[in-house]
Structures are given as C-alpha cells and as structure tokens.
Amino acid sequence: MGVVNVTPDSFSDGGEWYEPDAAVGHGRRLLDEGADVLDVGGESTRPGAGRVPVAEELARVLPVVSSLAADGAVVSVDTTRAEVARRAVDAGARIVNDVSGGLADPRMAQVVAETGVAYVCMHWRGHADVMDELERYDDVVTDVRAELSARVDALLGAGVRREQIVLDPGLGFSKAGSANWPLLARLGELEDLGLPVLVGASRKRFLGHLLAGPDGRPVPPSSRDDATAAVTTLAAAAGAWCVRVHAVRASADAVRVVAAWRRAGATSTARTLPVPGRDDSTRRAAT
C-alpha cells in the first residue's frame, strides 16, 4: 500500500503532493514501483495535528481518488469520517482505511456495511492532538488485541461482514516509542484473531529514535526508508497481509523476496538427518 498524502502538513513529506495533479502523478509513480494499493488521505494524523473541515478534506481527496481509480488503480481512502468515506467510495475507492477503527465517527460502520468495501480497522485511542497522552498499557500486545477484538465485535454488530475487515495495530498511535516493538515481534497474536493484518511502520517516530545518532537526535523521516524496508521484510515473513509505506520499491522487493523464500520452502523435498544421540536407524524429516 503506497501512501499518497494530499496534505500540506504530513510528517513524512510536508505537503510535497498537496496539489491534485502532483498527488495523482505521485500515485502513478508508486504503482510503477510496485504498489498494489494507493492510500489517499486528506487529513494529517501526525502527532499534534488538528482537524481540518470536512469540506476541505473532501476537496483534497476526491479529485485524486477519482483520477487514480479511473486509471484502474485499487484506491484506499484514509479517513475517519463517514461522509468522506462514502463520497470516496462513490468516486471509486475500494478500501476505507480508518485510523480510528470507527470510534471517531459512529456512522462509519453503517457506511462500510452499506457499501461492502474492505475496511482497515486500526487500534486508536484518540485524535492526533491527544494521542500521546493515552499511552498507558499493562501489556501492549494483549491490550491492543483486546481493544481491536472489541472493535471487530462492534463492526459485526453494525452489519459489517467479517470478510470486509482488516486489522491494524496502529503503530505510533498512542505508542510513541518502545511500545511499537512488541506489536511487531508478536504480530502472530494479532493474526490469531483470524483477520488479515496491515502493518504501517513507514517512517514513524520509533524508527527515527532507533536510528538516532550519537547526539540522540532522531533521524528525519526521509532517512527512515531502509529501516522501513527491514520492517516490511519481517512483517511479511510473519504473515502480514499488507504493509503501508511511503517509499514503495524497496518494500515491494522485500515482499517478493519473502514470497520466493516461502515458495522454495514449501516445495523443498524433505531429506532425512541423523538425530544426535540416537541410533542411526532413527531419522527425522527436515526441510
């Protein structure tokens, strides 16, 4: 999933693709680099960001969604608002990526149920201006899993079909630093909920802190793409359904490597190896 930010203030690209023509051109380049989905967003969710009026969000995303969908791209709309989601689906979006998991707008579940689109339900505790104040966990993986499970139950109760739902652990949202790593290392515990999982680690703060220089200053977002590709590799190997990234090519290549590795492992002919400490006639299978 390639990110197309149609905003003047996103943390990762600072408005570089703010104008519709620039955003559409950027989306087409991401497709050329290997993106399967383009995620178009018109409201920044960077830490501390304020809300934008719904009319402004619509004006930003609809021209881009409609143009990219007309090109045949699979388009996702990144929004927490039901009205924006519905209008974007009418314009050609096939996925709604809601960082609030339906908590920001109680009408969202109805829109998802009625349109039948795929829905990315992210773990969320509050809007960008307050989310860092809400980072309180006993065990972050257990807590996130339980809160996502509750959101799934609410969506199903509102008429959303289970096969529409994708889960996102919400890296960086109410998780400023070290809390993100257990979510990645224990991704299987989220996958145990039986739904596809999307990982959105790209260029986020916790990678900037990991790569900080001797002075302790985090590296800027543009210097986090190699680390992002490393996360992509590990997430793909752990079974993630999708990764959401700003720089597509390296992550797309990483996904291909993991897929080839898995295919080779699945088709390898089993061979027998002696078991240490046991009679040579006793063998075990190994691939």
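**Notebook: helix packing and selected residues**

I began with helix H9 (residues 225–237) and helix H10 (residues 248–267), whose axes come within 9 Å and cross at roughly 30°. I take axes as lines fitted to C-alpha atoms, for helices over the stretch in contact, with angles running from 0 to 180 degrees between N-to-C directions. H9 is therefore roughly parallel to H10; angles under 35 degrees count as roughly parallel, over 145 as roughly antiparallel, 65 to 115 as roughly perpendicular and the rest as oblique.

I note that this is a predicted model, in which local features need pLDDT of at least 70 and side-chain atom pairs count only at pLDDT 80 or more, while totals for chains, interfaces and linings use all residues. Residues are numbered from 1 along each chain as its sequence is written, and side-chain values use heavy atoms, with hydrogens and water left out.

**H9 with H10, continued**

I recorded the crossing of H9 past H10 as right-handed; a crossing is left-handed if the near helix is turned anticlockwise from the far one by less than a right angle, and right-handed if clockwise. H9 makes the contact through Thr-228, Ala-229, Thr-232, Thr-233, Ala-236 and Ala-237, and H10 through Ala-250, Ser-251, Ala-254, Val-255, Val-258 and Arg-262. Contact means heavy atoms within 4.5 Å. I sorted the residues of this contact into seven nonpolar, four polar and one charged. Ala, Val, Leu, Ile, Met, Phe, Trp, Tyr, Cys and Pro count as nonpolar, Asp, Glu, Lys and Arg as charged, and the others, Gly among them, as polar.

**H2 with H3**

I found H2 and helix H3 (residues 82–90) packed at an angle of about 20°, their axes 10 Å apart. H2 and H3 are therefore roughly parallel to each other, and their crossing is right-handed. Val-54, Glu-57, Leu-58, Val-61, Leu-62 and Val-65 of H2 meet Glu-83, Val-84, Arg-87 and Ala-88 of H3. The residues of this contact comprise seven nonpolar, no polar and three charged.

**Chain and H1**

I counted 10 helices and 10 strands in the chain; helices (H or I, at least four residues) and strands (E, at least two) are DSSP runs, numbered from the N terminus. Of its 287 residues, 48% count as buried, where buried means under 20% relative accessible area, exposed over 50% and partly exposed in between (1.4 Å probe, protein chains only).

Helix H1 (residues 20–32) has 13 residues and reaches 19 Å from its first C-alpha to its last, close to the 18 Å expected at 1.5 Å a residue. The expected span is 1.5 Å times one less than the number of residues. I listed Ala-23, Val-24, Gly-25, His-26, Gly-27 and Leu-30 as the buried residues of H1. They pack against strand S1 (2–5), strand S2 (38–41), helix H2 (54–70) and H10. Just after H1, Gly-34 takes a positive phi of about 120°.

**Single residues**

I looked up Val-111 in helix H4 (residues 108–115); at 5% relative accessibility, Val-111 counts as buried. Val-111 touches Ala-82, Ala-85 and Arg-86, not counting residues up to four places away in sequence.

Most residues other than glycine have a negative phi. Ser-174, in the loop between strand S6 (165–168) and helix H6 (180–185), has a positive phi near 55° and is buried, with a relative accessible area of 1%. Arg-203, in the loop between strand S7 (198–199) and helix H8 (205–210), has a positive phi near 60° and is buried, with a relative accessible area of 12%.
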